[in-house]
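Hi,

Here is the structure I promised to send over.

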Amino acid sequence: MNKGVTLAGEHRPTEGPMNRRLTYLAWGALVYNLAVILWGAVVRITGAGAGCGDHWPLCDGQVVPLSFTAERVIEFSHRLTSGGSGLLAMGLFALAFAAPMRQAVTHPELAGRVRLSFVAGLVGAALLVAGAVSAAGSLVLWGAGLGLLALLGWLTALLSLRQLSWAETFRRWPVVFGAALSFGLILLEGVVGGLQVLWGLTADSADPARGLVQGVHLANTFALLGALLLTALWAGGSPALWWTGRRSEPHQKQVWGLWSLGLLLTLLVGMAGAVTALGDLLFTPAPGTPLDTVRRDFGPAATLIENLRVVHPVLALVGSGYLLWMAARLRQLRPGAVVNRWAGWLSAAIAVQVVAGFLNVALKAPDWMQLAHLLLACIMWLMTVMLGYTALTLPEMNTEETRTGQEMPEWQGAGQHPTGLNRREREGVRV
């Protein structure tokens, strides 16, 4: 049997230096983006969001500012590191896209479409460079937009050369889907950040729209981290979530439902937390107990952002309770060492995060505590993603049941997987 056959019955290249680089790059991009997220929180905490004025994507109307203040250094460095995230996402997608390009058969009669898209891409790149040289932000954006459209057309033409569609490519190479999704979310992250600047929702702005944008920004950030995590797993050869062979697994729909609700609640808690963090920045908690702050938040002079500050702790307690119950339930539905491990780690992370939340309130949200709280929220989100993923794709026999001599499935005793792959062949599965 071909060692390139996957659990889904598709063909993929065997592992080589290119695929190892893809795996390392995916995990590196995940860690790097965590650092960028924390630095973005520093921008908010220091009020440096307006450090480049109301200009975007240029800083104070220039590619590189001619003068620097502390706020401008913080904001400009954040834009540079965010740009680095985009470059990493592009590299990740390029390496992932190389897999179908290496495998599928080329059909030369479709090469004209590739050349046309490439020329359009050159035009977009020229506009982008011209905008940067002339310090015209709108020209930069038009050039970038045209370049992205040309890139999409060029990649579509390349797939057509090999008689592939995007849907088939994503199905056969899930790592390409993960990389494409990560790149799209990186772009959306930049757009949301740019709108904050262009609409003046930075620094000391208490506009209620700022709370909405902050919440959307956090939700997109979480989605980006989840996409990068799945991309890293798929780059390492883990099965896709849409593997059709698992539709008949017992309780599969129930696991999907439990996990989906857990992800939604975690997103809502995070979005509410972004609004609360904004409220703590703009409106210092009242002296005295937290109840004094709540009373002031609902006083006659309170703003909408202050009114919403109390929502986060309430949602956090509800969401934490559900996630703990979800973890316990998934342990029952998918008994096994891997699911048990991630359920235990998620439960521990929730306990630490709840303690951090109480400390954050008691200490009146000091800057270092806000950063720690955000980092824990990101870790908890990733653990939630990982628990659901393993429950859906890696159900396994409980090791205790195996040791007690209970009957194993026929395929397990014979050394065969339900897909028909034996142990050696499954070890040869590669992205």
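Below is what turned up, starting with how the numbers were made.

This is a predicted model, so local features need pLDDT of at least 70 and side-chain atom pairs count only at pLDDT 80 or more, while totals for chains, interfaces and linings use all residues. Residues are numbered from 1 along each chain as its sequence is written, and side-chain values use heavy atoms, with hydrogens and water left out.

First, a helix pair. Two packed helices are described by the angle between their axes and the distance between the axes. Helices here are DSSP runs (H or I, at least four residues), numbered from the N terminus. Axes are lines fitted to C-alpha atoms over the stretch in contact, with angles running from 0 to 180 degrees between N-to-C directions. The axes of H2 (residues 70-103) and H6 (residues 174-198) come within 8 Å and cross at roughly 160 degrees. H2 and H6 are therefore roughly antiparallel (over 145 degrees). On the H2 side, the contact (heavy atoms within 4.5 Å) includes Ala89, Phe93 and Phe97; on the H6 side, Ala179, Phe183 and Ile186 are among the residues taking part. By class, that contact has 14 nonpolar, two polar and two charged residues (nonpolar being Ala, Val, Leu, Ile, Met, Phe, Trp, Tyr, Cys and Pro; charged being Asp, Glu, Lys and Arg; polar the others, Gly among them).

Next, the rings. The whole structure holds eleven aromatic pairs (rings of Phe, Tyr and Trp, the last by its six-membered ring, with centres within 6.5 Å; planes under 30 degrees apart are stacked, over 60 edge-to-face, the rest tilted). Phe222 and Trp381 are stacked, with centres 5.2 Å apart and planes at 20 degrees. Phe222 sits in H7 (residues 208-235) and Trp381 in H13 (residues 367-393), so this pair ties together parts 159 residues apart in sequence. Phe222 is buried at 2% relative accessible area, and Trp381 is buried too, at 6% (buried is under 20%, exposed over 50%, partly exposed in between, using a 1.4 Å probe and protein chains only).

Trp342 and Trp345 make an edge-to-face pair, centres 5.0 Å apart and planes at 85 degrees. Both lie in H12 (residues 337-362), three residues apart, about one turn of the helix. Trp342 counts as buried at 18%, whereas Trp345 is partly exposed at 43%.

Finally, Ser320 in H11 (residues 311-333) is buried at 11%.

Cheers

Methods:
Helix = DSSP H or I, 4+ residues; strand = E, 2+ residues; numbered from the N terminus. Parallel < 35°, antiparallel > 145°, perpendicular 65-115°, else oblique.
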